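Please walk me through this structure.

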Amino acid sequence: MSALARMEAAAAGLAQPRATVRHRRLAERPLVFVPLTTAGEAGAPLGAMAGTERESPVLLVVPQPRDRDLRFAFLARLAGVVLPHLESAQDEIEWEERKETDPETGKKETVQVELCVDAPQLIVPNGPGADFVRLLGRSMRFRRTAEEDPEGPYPAPPGVPLLGRWLTLYGERARVPGSSLLLSMTELLSRHWATGQSALEDQHLGALLAWIDPPEGLSGGEAALRAEVGRDSAGQLLCPPAGPATDPAFDNRLLAPAIDRFDARLPGAEDEVRELVASQLRPAWDAVWRGIDLLRTLPEGERVTERFKRDRWSYTAHRDRVRSGEPPQPRRDDAVTAAAKLAQREREQARLEAQEALDDPLVMAERRFAGEAFAGEVTAVEMAYSEGKRAMPRPLVTLSTDDRPHLGGGVKVHRALVEGARQSAEFVRYETEGDGDGDADAPRAGDGTGTGTGDATLVTLRLTSGMGRGKEPAPGTVPEKGERLCWTLFEHTPRGGPELPEVEDTPWTHGGPPAEPAPAGVPAPRGTTAPGAAPTAPPQPPLPDPVTSEDLL
Amino acid sequence: MTHSDGSQSALRRRLAELRGGPDVPPRPLDARALAALAANPGCRRRALLDGAGVDKAALAEALGAPAPFGQSQFAFARGNSFEAKVKADGGAELIRLLCASTGETPPEPGEVALPDLSADGPSGRTARTRLALAPSRAGDEAAAGTAEGGTAAEGGWALLFHPMLALDVAGSTAYLEPDAIAVHPDGSWTVAEIKSFPVLDGSADAAKVGAAARQAAVYALALEESGVTGEVREQALLVCPKDFSNLPTAHGIDIRKQRAATRRQLARLTRLEEIAAALPRETVFDPARPAPELISAVESVPAAYAPECLSTCELAFHCRDRARAAGAVESLGRSVRGELGGFTTIDAVLSAAGAPHTGGGDAAGAESGQDAGAGGNAGAGPGADTGHAGAGSGDPAAVALRRAARLRAEALGAGRTDSRVTPCR
């Protein structure tokens, strides 16, 4: 169905909606961060534009990306801009109740825990930008400041290791489906609009925006082409890429000569590099804000707040770890943590898919098309009871639907009631219109695409839950004739898998319990040991990377 | 694959004509291009232009759709300095990394032969490489002065920096230049790829590693077909900077799968003779010719465009313009194409989706039939049945489309009543 939307967009020359509500949270004051990096060098930032005010971005530039001191100065200033934002929501808390197992008695007890009311948001232009946030976090979180390690060479400016830990949290959290802490604009926009180009081409922010909101007098396709390849008379792109990589033509013709002039200590050279970098950053900065404007026109999905609460938990937990003086996140997760992360992402993916469908009729339409949901009008309700010691209401509801759900004997279906309640039912039989008693194995059951002639199918379901505990169903929980209902074949709150063992109980199949971390203060001979011996050496998590004398970075 | 000398030279002459005459030097086919070609074996246009050694970048420029490829000098400088560092000290570092990866005992410094491979022209260099690949059998000539005496009899270590290998691709010879090949004492070879993307905490960008593995697979294939008896190891050595430093680290990457895939894809390539024979006699791809002539020349060879081409082929922007102008569904992505059964044009899809129970089916059939002639069907697999004459109302794909359109319209209608759906304009 999204393929159809792409085709409609291609034919119309304008992006078409893929959603009727906004499925991600947009903070009131997000911090927009547009990074640029030096081609071919990992973790050598060239500059960045950051800030929460669209009119007054903070421009940070490294005039010679290979100079370590200049790079540290850049990171220190970046920490000055970004850290206050990331830490801004730390102190405003509310109390939440949580069940915890008492380690001594083994009983479950309810405890009061702090939960931050808000979690600040970071927005980057595209997917590689989000990856770059992760990379920056990795490059900074093991650094030591002069205060922490007075002996170490190349001490990092204060704030840098802390920023590294925060950016690592945000970078990792961005991998959790449905999370809103770190968002990439291209992903956000392509979630909500279908363009007339391929998903691959949608990763160009300029082209994507051109499809969604083309300038006066141009079709989306024309505007996107101009954004992609249009160059001015000097051979520079009209719409520079939104980073973090720069256009090679810009590097070779403009930036490299300017950096050479800076190296030669020519007056004004630094300003020149600054202006050049700004010229590449500003269009992406404006594009991100335009994207935010577009997204704000959509009302927020109903269940976005619930997902955001999980982001707040994640934010609060990180705050607690930093405050209690725990070491930075390890280079590699241990087996249990990694398994837990994977399980969490799978669970969140399933939850996101279910919630997006429930929030948005257009997404639900996709699920209905796929046979994973169906909507229809109630044609008959017949009261029935279960045959047990205690007879419970099990009413039979018959719907007339045009959809072609994949129903078979005993398949469970679900629907949302008011105020977050849910109701389940099981499939009983198909009935053909008019003659009343059909067979459970309807001829169309196996054919997902259906015959599509528009004729309705009658589906009979037996309600099994959501009617209260009484002998008679609670008022309003059993649908009436003429009501329109939408049932899904997927669960609304997917359950996770079995619990994972504690880190200390990692089974030997997964490497056993992790070794004790080496005591702090051990010198770091990593650069000098043979790499062949490295895997057997005990992990030394908080040590900075080796720095050699000829190290360019 | 053997050819009589006559047909070989006839083909070579024909390819030179296509290029614009014997004076236009052919562009050598590198492993990157071969790997990309193997990723889209249905594209005759690419096979022919690459095989003939046409300068596609210049051609694209002349067609008015230049490719935005280029390398930043920063990346170039970084790549070169890293490669120089890895190869320093007669490759001692490289051998050390290789042995650490395979578990072999590293040789003493100075025991590694570094044969001189320089020669005039690619065929000369290929011959020198062939000699050097079998140091123990080729006698002491190749192992110039370093690995003499006792070790030479049983074979010793040798490192070949920038050797040259020949590979027959669709009837023409491609010369390939790997970064390095190591000859083990047991006579087997390891392909080494030196890349400047970092390995961070033991993991690297999967796309880049994949590209490096495909490239190494092409070299391994060329080694196997070099005619020298010997075995190519299943693991290629990928050398990258470690973390944020410029210290090299190396990992063995298994290239069996890539090698098998590349071999199969290259074997599937249509023979260049066939493609060339189907062209009008006067077709020339000389970028100096006027644009309209070039456009019709390029159009005479069918292409199989997919958005993935944009990152690997210089002509991709031209092909994309054509695909979009024809309304081909391929321009929206391979997966979109796969979902649509027999439909090949956007118009056909939309009219099938939008006009239930009317004559839409006939129109769709006619249009998609037309498009099939325009070259959309050169692709592999599902593309074979593109005519799609039966896009009538009974066709399952058309029925599914109508259902999708109806559900979509219904949902959008429901959404519009309580919210604004389309933001601007």
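**The two chains**

Of the 553 residues of chain A, 41% count as buried. A residue is buried if 20 or more other C-beta atoms lie within 10 Å of its own, exposed if 12 or fewer, and partly exposed in between, with C-beta atoms placed from the backbone. This is a predicted model, in which local features need pLDDT of at least 70 and side-chain atom pairs count only at pLDDT 80 or more, while totals for chains, interfaces and linings use all residues. Residues are numbered from 1 along each chain as its sequence is written, and chains are lettered from A and ligands numbered from 1 in the order in which they are written.

Chain A holds 12 helices and 15 strands. Helices (H or I, at least four residues) and strands (E, at least two) are DSSP runs, numbered from the N terminus. In chain A, 65% of the contacts with a separation of 6 or more are between residues 24 or more positions apart. Two residues are in contact if their C-beta atoms, placed from the backbone, lie within 7 Å.

Chain B has 16 helices and seven strands. Of its 425 residues, 46% are buried. Among contacts in chain B between residues at least 6 apart in sequence, 66% join residues at least 24 apart.

Chain A is assigned two domains: domain 1 covers 2–356 and domain 2 covers 370–488. Such bounds come from an automatic or database domain assignment. The centres of domain 1 and domain 2 of chain A, taken over C-alpha atoms, are 45 Å apart. A:Tyr430 sits in strand β13 (residues 422–431) of chain A. It counts as partly exposed because it has 18 C-beta neighbours inside 10 Å.

Now turn to where the chains meet. There, 57 residues of chain A are in contact with 57 residues of chain B. On the side of chain A that touches chain B, α1 (2–12), α3, α7 (220–229), α8 (248–263) and α12 (361–369) each supply at least two residues. α1(A) gives the most, with seven residues. By class, this side of chain A has 28 nonpolar, 17 polar and 12 charged residues. Here Ala, Val, Leu, Ile, Met, Phe, Trp, Tyr, Cys and Pro count as nonpolar, Asp, Glu, Lys and Arg as charged, and the others, Gly among them, as polar.

Next comes the core. Nonpolar side chains tend to be buried together in soluble globular proteins. The largest nonpolar core in this model has 224 residues, and A:Val34, B:Leu34, B:Tyr219, B:Ala220, B:Val239 and B:Val349 touch the most other members. A nonpolar core is a set of buried Ala, Val, Leu, Ile, Met, Phe, Trp, Tyr and Cys residues joined through C-beta atoms within 7 Å. Helix α9 (residues 269–296) of chain A gives the largest share of this core, 10 residues. Leaving aside residues up to four places away in sequence, B:Ala220 touches B:Val191, B:Val232, B:Ala236, B:Ile255 and B:Arg259.

Look at α9(A) itself. Its 28 residues reach 41 Å from first C-alpha to last, close to the 40 Å expected at 1.5 Å a residue. The expected span is 1.5 Å times one less than the number of residues. α9(A) bends by about 30° at A:Leu281, and a proline, A:Pro283, follows within four residues. The bend at a residue is the angle between axes fitted to the seven residues ending there and the seven starting there.

Helix α2 (residues 68–86) of chain A has 19 residues and reaches 25 Å, close to the expected 27 Å. α2(A) bends by about 30° at A:Gly80, with a proline, A:Pro84, following within four residues. Its buried residues are A:Arg71, A:Phe74, A:Leu75, A:Leu78, A:Ala79, A:Val82 and A:Leu86. Their cover includes β2 (31–37), β3 (45–51), β4 (58–61), α3 (127–141) and α4 (160–173) of chain A.

B:His162 lies between β1 (158–161) and β2 (165–169) of chain B. Its phi is near 45°, a positive value in a residue other than glycine. B:Asp201 is in the loop between β5 (189–194) and α8 (206–224) of chain B. Its phi is also positive, about 50°, although B:Asp201 is not a glycine.
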